[in-house]
Amino acid sequence: MFIFSHASKLSMASVVEQVAPNHKATITFYAGTQTIGGTIAAIEYNNHRVVFDFGTDFRPDPETLAALRELNDDNALRIFLEQRLLPKVDGVYPDAQVTAFPGLIGAAEFPIHTAVIISHLHLDHVGGLLCIDPGIDVYMSDKSLELYNVLSEAGDRPFGHERTFNGVPYYKPFFVGDIKITAYPIDHDCYGASAFIIEAGDKRIAYTGDLRIHGVHSRYTFEYIEAAKHADLLITEGVAASFLPDDYELVGSKEFGEDFYAEKDLDRQFLDLFELKKPILFDFYARNIERLRMIIDTASKTDKQLVLSPKHAFLAKKLLGADVRTTDSLTDADYESDRLLINLPFEQFDSCIDKVASGSIYIHSNSEPLGPFDSRWQAFIDALAIRDIELHSLHSSGHGKAEHIQYVIDQIQPKVLMPVHSLKPYKSVGPNQRILPEIGVTYMIDGGDGQANK
Ligand SMILES: O=c1ccn([C@@H]2O[C@@H]3COP(=O)(O)O[C@H]3[C@H]2O)c(=O)[nH]1
């Protein structure tokens, strides 16, 4: 892999010079190499460019959260760029909106044909989706588009301006100029999640998006491993590796271990709590349709009634064909009843929590606030504790264990590995060459033939 140039230092003219004479595929990262989420990169080949993904970095500190409270559809791009939640990528944003950012080139002025591909609909992959110039084609799996449309109808869409998207079927290649792209289903806690194989000339690049092997669709991940075998370049997430001690030697393995919940193990845990003779509240991330299905099924095994939030009930209706009781007014729900299983989303938490009876159970199952790293976590914990509400965490991560992700890497045996989307990408081991990509540096994708030097 050969470092080509500092894209950030290129003028528009040299960008043209950079691609015109050579027909080698290159990759440049703009964000999300050493953070959890917000990965944005571009693969360029023969004057065409594929950008993936387009999420906003998740930074739940008080200052950022305060700035985000001012967000609306018109100011989204400005706030995201100012807060550095989106990177300054030339040729992606509407020309009229980049004028406030000197040096940033708008989409219409940019000489390279660009398209965007989206792996899945978590905000760290799509938060900036509606800030992309509407003239740029955006592709996502048909199922992601189905989810997007349902969420959007339920009022849950990223900030920015409505636009159209291209849904693509799994396994069927499509082209952006000479770049061939195939979407594969992958096991992640988001309906419609995809990984990609991107082919540029004789080079094959595998981009995993987010993945695991402990969900109900582990088969997808194993299938993708086969499709990606011996890729010239593998770009993979490493969320779980973020939390490994520095002196821990990561060794790939498929084992699950004792202290670990697979998605399929959660139903038993939910059932045990749902059956308690206490008022039960819970929340989970609505885009995890498998968990929604499991909660509906588990609730039906009890003699209690499930009450979903309007958004969760709408998703259940549209994507699972399930009619589940809901309420327009969660503030008026009967929080004293031990006959109800009430879905209380974090957005309604503050307005409802005073009505919740002491001795109730709150099940937190991969929902907001996401964990102690989130500045809202302590207030959430305190609000439960002072009301004597018991917190139970039934968490099954959307991300593979670090050992599992390493196993995926070992199986794929890429010529070059670029681990990203992690606080500690350096924990992931490349069976051949490994590069920890730097933001703004353009690397030639040469299957490890070149020298990784500057
Ligand atoms: O320091 C941290 C720790 C975690 N997280 C996110 O919280 C999520 C919790 O559910 P999950 O386990 O499926 O995935 C996790 C990550 O995406 C983060 O953004 N920064």
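**Entry 1**

I started at Arg84, which sits in the loop between helix 3 (76-82) and helix 4 (95-98). Helices (H or I, at least four residues) and strands (E, at least two) are DSSP runs, numbered from the N terminus. Arg84 is not a glycine, yet its phi is positive, about 55°.

I noted the ground rules. This is a predicted model, where local features need pLDDT of at least 70, side-chain atom pairs count only at pLDDT 80 or more, and totals for chains, interfaces and linings use all residues. Residues are numbered from 1 along each chain as its sequence is written, and side-chain values use heavy atoms, with hydrogens and water left out.

**Entry 1: cis peptide bonds**

I looked up the bond from Phe52 to Asp53. It is cis, with omega near -25°. Asp53 belongs to the loop between strand 4 (48-52) and helix 2 (62-68).

I then checked Glu368 and Pro369. A cis peptide bond joins them, and omega is about -10°. Pro369 is in the loop between strand 16 and helix 12.

**Entry 2: strands 16 and 17**

I stayed with strand 16 (residues 361-365). It runs parallel to strand 17 (residues 390-393), and 4 bridges join the two. Two strands pair if DSSP finds at least two bridges between them. I picked out Tyr362, whose bridge partner in strand 17 is Leu391. Strand 16, helix 12 (residues 377-386) and strand 17 make a right-handed β-α-β unit. Right-handed means that, with the strands pointing away from the viewer, the path from the first strand over the helix to the second runs clockwise.

Strand 8 runs antiparallel to strand 9 (residues 179-185), with 3 bridges between them. Val176 has Ile179 of strand 9 as its bridge partner.

**Entry 3: the ligand**

Which residues surround the ligand? I listed Ile36, Phe58, Asp189, Phe243, Asn366, Leu370, Phe373, His395, Ser397, Gly398 and His399. A residue counts as near if one of its heavy atoms lies within 4 Å. The shell divides into 5 nonpolar, 5 polar and 1 charged; in this scheme Asp, Glu, Lys and Arg are charged, Ala, Val, Leu, Ile, Met, Phe, Trp, Tyr, Cys and Pro are nonpolar, and the others, Gly among them, are polar.

Domain 1 (2-249 + 398-453) and domain 2 (263-393) both give residues to this shell, so the ligand lies between them. The bounds come from an automatic or database domain assignment.

I looked for polar contacts (N or O atoms within 3.5 Å). A polar side-chain atom of His395 is 3.0 Å from a ligand oxygen atom. For a polar side-chain atom of His399, the distance to an oxygen atom of the ligand is 3.3 Å. A polar backbone atom of Gly398 lies 2.8 Å from an oxygen atom of the ligand. The protein covers 81% of the 430 Å² of accessible area that the ligand has on its own (Shrake-Rupley method, 1.4 Å probe).

Methods. A polar contact is a pair of N or O atoms within 3.5 Å; within protein, one must be able to donate a hydrogen and the other to accept it, and residues adjacent in sequence count only if both atoms are side-chain atoms.
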